[in-house]
Amino acid sequence: MAPIAPIAAPLQSAPLPETIAELLGLDPNQPAVMFVLAFLAAGAIVSVLMGMTAVLGIWGKRKITAAFTDRIAVNRHGPFGLLIIPADAVRLLSKELIVPEGVDRPAWDLAPLVIASSALLGFAVIPFGNGIQIADPETGLAFVFATASIASLGLLMAGYASNNKYSFMGGLRAVAQNLAYEIPLVLTGASVVLFTGSLQMSEIVAAQNEALLTLGGVAIPSWFVFINPFAFVLFMVANLAEVGRNPFDIPEAPTEIVAGYQTEYSSVYFVLIYLGEFIHIFLGGAIVATLFLGGPSGPVLPGFVWFFAKMIAVYLFTQWARSAVPRLRIDQLIQIGWKGMLVLSFANLVLTAVIVGVIQSA
Amino acid sequence: MSLEEPEPDDGVIEAAEEVGVTTEGLDYDALAELVGDRLLDREDHVNAEGFVIRPDDVQDVLFDLRDEAGFDYLSCVTAQEYDDRYESIYHLKKYDEPTHELSVVVPSTKDDPRNQSANAVYRTADWHEREAFDLVGIEYDDHPDMRRILLPETWQGHPLSQDFSGEEPQIVTLREHANPLQEDHRGDDADTMFVNIGPHHPATHGVLHLKTVLDGEQVADVEPDIGYLHRCEEQMCQQGTYRHQIMPYPDRWDYISAGILNEWAYARAAEDLADIEVPEYAQVIRTMSAELCRIAAHLLALGTFALDVYGDFTAIFMYAVQDREVVQNILEDLTGQRLMFNYLRLGGVAWDIPEPRDEFFEKVRDMLDDMPEKLTEYHNLITSNEIFQLRCVDTGVLPPEEAKSYGATGPVARGSGIDFDLRRDDPYGYYDELDWDVVTEDGCDNYSRLLVRMQEVEQSARIIEQCVDLLEDWPEDEREIQANVPRTLRPDPDTEVYRAVEAAKGELGIYMRSDGTDKPARFKIRSPCFSNLQTLPVMSEGEYVPDMIASLGSLDIVLGEVDR
């Protein structure tokens with residue numbers, strides 16, 4: 001696949017570790033130096049993500065849900081109730097870690113780690129803008145999808161190892177759901193790749209950088225959401241299923257199977273699973289932002305601000321869906337996945353291929 | 001309820017040629033002729049005649065009464081112990097004409113109390129007879145599942161029987177109780193999975209235990225296990241005086257803001273028992289306050305149903321609770337209470353509309369004015385949502401014949417197209433003077449039951465509006481809120497009455513027998529939730545787990561009323 005448009009100057013320069021190396025005057029060709037720097041960069045990004053999860057997961061989520069349901073939510077702990085974040089962190093971590101009898105260790109212990117780390121791993125190739133990107137391999141997009149889907153393994157492990165029927169059902173539901181929706185997700189992502197001709201994240205961002213058309217003096221960028229809104233809608237729906245939010249929160253479905261695969265987890269494991277879930281949503285947001293919303297591009301404000309704004313917008317969308325949309329039944333979900341989404345995403349892929357072919361031959 | 005139970009014999013019920021129906025009402029002589037030799041004696045109860053029959057003729061007689069005389073509704077089974085005998089009373093009614101009542105009285109001997117089960121005729125008898133066995137101690141032959149229902153399996157004795165002593169400790173070791181945690185690989189080579197849904201589960205609306213057998217995600221068998229919230233309500237009422245001490249209890253049956261509806265059930269039965277006339281003005285206030293309760297109860301049902309279908313972050317639950325709050329505030333102004341109203345009195349109500357009256361009426365009118373807009377919002381949010389329709393249309397199907405056999409009433413019956421509402425069919429209070437409609441939907445599914453509730457809110461609003469109009473124009477010197485009732489009520493001995501009202505969940509009936517003292521000798525509560533919950537296996541077998549949860553939500557049970 002050849003790029004269809006001349007690539008504009010990429011927004012980001014070299015990946016973050018190399019940038020740091022240059023700043024510090026170290027030799028970027030020395031593996032040891034790069035290892036340490038990449039480690040530091042990864043640590044920094046993980047810290048930012050953890051911070052984000054803490055704010056949005058503990059405080060933001062309550063406030064957002066409250067706004068949807070006409071309530072106020074936390075407002076007694078410090079300004080706007082913000083001090084609930086440390087309070088809750090301490091509360092969650094200081095709870096007793098209950099290990100039920102008959103759980104299958106170490107699978108049971110590994111599951112939360114797998115869930116949380118698979119989502120974090122995806123962020124390694126996400127371009128946050130302003131040169132904040134740990135690595136920029138040529139297979140960036142494939143890497144993101146591959147790591148994100150490791151979470152399914154974690155969910156199955158959690159469900160299967162818990163020795164609890166609700167967990168078991170939740171784990172099986174999670175796997176069935178992820179299988180059904182990952183394929184449309186990847187296929188729709190592939191339709192973007194058809195346009196850019198590259199799996200490299202920086203290239204995908206760069207390809208969306210020029211103006212598509214100018215409407216009344218306002219230049220509309222060639223974000224893929226404007227070029228192919230159909231693919232965007234498909235991707236958003238598949239993404240909702242991928243992160244397990246309404247109408248696809250079937251693996252947890254609290255009113256049916258208590259808490260699904262996480263029923264038996266308490267204390268720090270519970271935190272890890274929750275963390276994994278939120279970071280998964282953020283990763284979904286990051287992929288949507290990169291593939292469809294032009295990544296860090298945007299006027300006036302620095303790139304990474306835009307990037308985070310887009311990511312959080314996707315997060316808000318999931319919360320909105322959660323407050324307003326009913327949950328599907330598992331058979332309906334599978335039906336929609338295999339009979340609807342899969343067909344549509346193939347159609348989208350073919351359509352995109354035709355359009356790309358027409359443009360190129362023109 | 002297991003799959004092995006015998007299917008009931010669904011006799012064709014012909015409305016046209018029912019025995020004993022005359023233009024003036026029920027001709028008990030014709031019915032007596034139908035029963036023929038099997039009739040031992042005829043009793044006179046306040047609400048209907050009682051036909052005494054032999055304990056081994058129960059099925060025979062009930063089949064005849066159902067198929068020939070059109071009594072397709074077994075409202076309640078009351079069991080009680082006398083000094084010389086045990087007695088089961090089958091309160092029969094007709095769905096088409098609930099004023100056509102007949103009590104079938106079945107005495108059984110003191111030393112071996114048993115009679116034939118009515119389960120083959122009416123499926124609803126299953127649980128009612130289990131309760132009779134559990135609390136009173138009568139055994140029912142041919143019953144498919146003669147076990148305790150409210151008390152633990154290991155309970156010693158029958159608490160409403162005469163020789164039961166509450167003083168004696170229940171000498172049952174913990175070990176003898178069924179251990180919910182024990183290994184339960186029932187049929188190791190089976191493809192099914194047994195799972196306990198409840199007693200602690202997010203979707204059971206209280207402490208309900210569903211013993212569920214799953215085949216993959218589908219429900220192969222479900223058996224509701226109730227009794228976790230049994231509080232001896234019947235016995236407590238038997239220990240209270242008619243005049244003052246019983247009225248607070250009804251609030252605690254269906255405690256989801258349907259208090260005044262429940263109080264009315266007791267008030268109606270006791271007023272009929274003691275022959276008390278309620279002043280019209282009080283009736284209007286009762287009607288208004290009862291309908292306020294109904295709105296509050298239905299809004300909560302709507303909200304919790306949304307929880308079951310949407311998941312626990314849905315906005316609809318909070319919206320419903322907010323709208324219910326407006327009604328709750330009005331009820332608080334009227335009764336001084338938000339939950340346990342204790343507002344009705346025998347022969348009237350506790351006090352008049354609070355002063356200043358204009359302010360109160362304005363508040364009510366504001367609520368009524370806002371109601372259409374709010375209901376439109378709910379329709380936009382819920383009933384017209386396609387995913388919601390996907391989930392609720394044609395799931396949890398309860399065919400009308402099954403509903404009738406199980407004695408389903410209220411929105412559950414009306415959602416199955418059964419046009420049955422005691423407010424219209426067996427009028428009490430001020431309902432027959434007002435202009436309103438009975439809502440029915442014939443979808444028989446979860447969706448219809450929700451629609452019925454939402455439309456009933458509209459109808460209740462209509463009723464309240466007319467009541468407010470009446471109350472506003474009521475001449476000041478005729479505002480009589482209380483009839484003249486003696487301080488101590490002692491109805492004549494051996495007077496028996498069964499009276500029901502249309503509560504939020506269906507027919508809430510009270511059976512009382514007096515023994516000449518100021519306390520009832522037997523106080524039996526016919527709870528609509530108890531009968532409605534029995535239909536859950538019909539609705540959910542073969543369905544998916546989420547649909548079973550939705551069906552449970554659409555039944556709108558309150559465990560306080562199921563377990564009493």
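First, the ground rules. We are looking at a predicted model, where local features need pLDDT of at least 70, side-chain atom pairs count only at pLDDT 80 or more, and totals for chains, interfaces and linings use all residues. Residues are numbered from 1 along each chain as its sequence is written, with chains lettered from A and ligands numbered from 1 in the order in which they are written.

Let's start with chain A. It has 14 helices and two strands. Both kinds of element are DSSP runs, numbered from the N terminus: helices are H or I, at least four residues, and strands are E, at least two. The radius of gyration is 21 Å, close to the 21 Å from the globule rule for 362 residues, so chain A is as compact as a globular protein of that length. That radius is taken over C-alpha atoms, and the rule is 2.2 Å times the number of residues to the power 0.38. Along the principal axes, the C-alpha atoms fill a box of roughly 65 × 55 × 45 Å.

How much of chain A is buried? Of its 362 residues, 48%. Buried means 20 or more other C-beta atoms within 10 Å of the residue's own; exposed means 12 or fewer, partly exposed is in between, and C-beta atoms are placed from the backbone. Take A:Leu172, in helix α7 (residues 165-196) of chain A. It has 20 C-beta neighbours inside 10 Å, so it counts as buried. A:Leu156 is 16 residues away in sequence and 6.5 Å away in space, C-alpha to C-alpha.

Now confidence. pLDDT is the predictor's confidence in each residue, from 0 to 100. Chain A has a mean of 83, and 95% of its residues reach 70 or more. Helix α4 (residues 107-122) of chain A is highest, at 89, while strand β1 (residues 211-215) of chain A is lowest, at a mean of 70. Residues 1-12 of chain A have pLDDT below 50.

Next, the sheet in chain B. Three strands make an open, antiparallel sheet, in the order β15-β16-β17. Strands pair if DSSP finds at least two bridges between them. β15 (496-503) and β17 (520-526) of chain B are at the edges with a single partner each, so one side of each lacks a neighbour in the sheet. β16 (residues 506-514) of chain B pairs with β17(B) over six bridges. Those two strands form a hairpin with five residues between them, and B:Gly516 in the turn has a positive phi of about 90 degrees. B:Ile510 sits opposite B:Ile525 in β17(B). Is β17(B) mostly covered or mostly open? Mostly covered: six of its seven residues are buried.

Last, the interface. 27 residues of chain B contact 25 residues of chain A. Contact means C-beta atoms, placed from the backbone, within 7 Å. Elements giving two or more residues on the chain B side include α6 (280-310) and α7 (315-335) of chain B. That side divides into 17 nonpolar, five polar and five charged residues. Here Ala, Val, Leu, Ile, Met, Phe, Trp, Tyr, Cys and Pro are nonpolar, Asp, Glu, Lys and Arg are charged, and the others, Gly among them, are polar.

Definitions and conventions: Two residues are in contact if their C-beta atoms, placed from the backbone, lie within 7 Å.
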